[in-house]
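User: Hello! I am new to this structure and would like to learn how to read its features. Could you walk me through them?

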Amino acid sequence: MIDLHAHLLPGIDDGADTIETALKMARIAVDDGITHMACTPHVTPGVYDNTKPDILKRIAALQQRLDEEAINLWLLAGADIHVAPHLDERFRRGEIPTLNETRYFLFEPPHHVRLPGLVQFAGVLIRAGYYPIVTHPERLSWIEQHYQTVLDLKKAGCLIQLTAGAVTGRFGSRVKYWSERMLDEGIVDVIATDAHDPRRRPPIMSEARDAIAARHDDELALKVTEGMPLKILADKDLAA
Ligand SMILES: [Fe+2]
């Protein structure tokens, strides 16, 4: 499986705190059947001002450490990018990374408020050639009131990423309901761990894959855990 969303890089956001924690998480991921992991630290202006050059440097160092430890996990670059102005310009200038240098990037909407103009904003980025992968809409506190916004984002050409733990009920029944509903409605493109630590939010995808296979079929389970992530990393055309 391919995990496109994980806070594995130690010490630069609220994910892994130390290199030891990162190694522990990497071992959990490999044991779970994850072969590739995008390291996607938060990029949130004024909170986590992570930059592409620094993220790339840290990934190279962590990859070297994984190789030394014989942990068979292939790391890729990315970022968990909070909605902010001028993202397209910042991609173009190389200040912040897309996923694996593709046109696709993780796009985190504000958790507690539905930003007016969010769909239009996504449209501007798409027309500039950058495709948002909307991160964990199932966990947004406003999804009940504004589910249509999620559908509109999808219609505008965004991809949709659910959290693996949400599908299996780790975030409670409400979040599980929305995960299942979006899977049932066929709008989900990718499942990712959004791992932050080894225990509370571990890098485990197999449980979600199996749950999706049981509720739907193997084809969908494979698509969201491997097929689509692979196409995204290869920068294939995916827009609806
Ligand atoms: Fe995240």
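Analyst: Gladly! A search of the whole structure finds seven aromatic pairs. This is a predicted model, in which local features need pLDDT of at least 70 and side-chain atom pairs count only at pLDDT 80 or more, while totals for chains, interfaces and linings use all residues. Residues are numbered from 1 along each chain as its sequence is written, and side-chain values use heavy atoms, with hydrogens and water left out.

User: How is an aromatic pair described?

Analyst: A pair of aromatic rings is described by the distance of the centres and the angle of the planes. Rings of Phe, Tyr and Trp (its six-membered ring) pair if their centres lie within 6.5 Å; planes under 30 degrees apart count as stacked, over 60 as edge-to-face and the rest as tilted. Here, Tyr 104 and Tyr 131 form a tilted pair, 5.5 Å centre to centre with 35° between the planes. The pair links distant parts of the chain, 27 residues apart: Tyr 104 is in strand β7 (residues 104–108) and Tyr 131 in strand β8. Helices (H or I, at least four residues) and strands (E, at least two) are DSSP runs, numbered from the N terminus.

User: Are Tyr 104 and Tyr 131 buried or exposed?

Analyst: Buried means under 20% relative accessible area, exposed over 50%, and partly exposed in between (1.4 Å probe, protein chains only). Tyr 104 is buried because its relative accessible area is 1%, and Tyr 131 is buried at 16%. Another pair, Phe 107 and Phe 121, is stacked, with 6.2 Å centre to centre and 25° between the planes. Phe 107 lies in strand β7 and Phe 121 in helix α4 (residues 118–127), so this pair ties together parts that are 14 residues apart in sequence. Phe 107 counts as buried at 0% relative accessibility, whereas Phe 121, at 22%, counts as partly exposed.

User: What is the order of the strands in the open sheet?

Analyst: Strands of a sheet pair through backbone hydrogen bonds, either parallel or antiparallel. Two strands pair if DSSP finds at least two bridges between them. In this model, the open sheet of seven strands has the order β4-β3-β6-β7-β8-β9-β10, with mixed pairing. At the edges stand β4 (48–49) and β10 (190–192), each with a single partner strand, so one side of each is left without a neighbour in the sheet. Strand β8 (residues 131–135) and strand β9 (residues 159–163) pair in the parallel sense over three bridges. Ile 133 has Leu 159 in β9 as its bridge partner.

User: Which residues does Leu 153 contact beyond its neighbours within four places in sequence?

Analyst: Contact means heavy atoms within 4.5 Å. Leaving those neighbours aside, Leu 153 touches Leu 118, Val 119, Ala 122, Val 134 and Cys 158. Leu 153 sits in helix α5 (residues 147–156) and counts as buried at 2% relative accessibility.

User: Where does Thr 44 lie, and what does it contact?

Analyst: Thr 44 lies in strand β3 (residues 42–44). With neighbours within four places in sequence left aside, Thr 44 is in contact with Asp 49 and His 82. At 15% relative accessibility, Thr 44 counts as buried.
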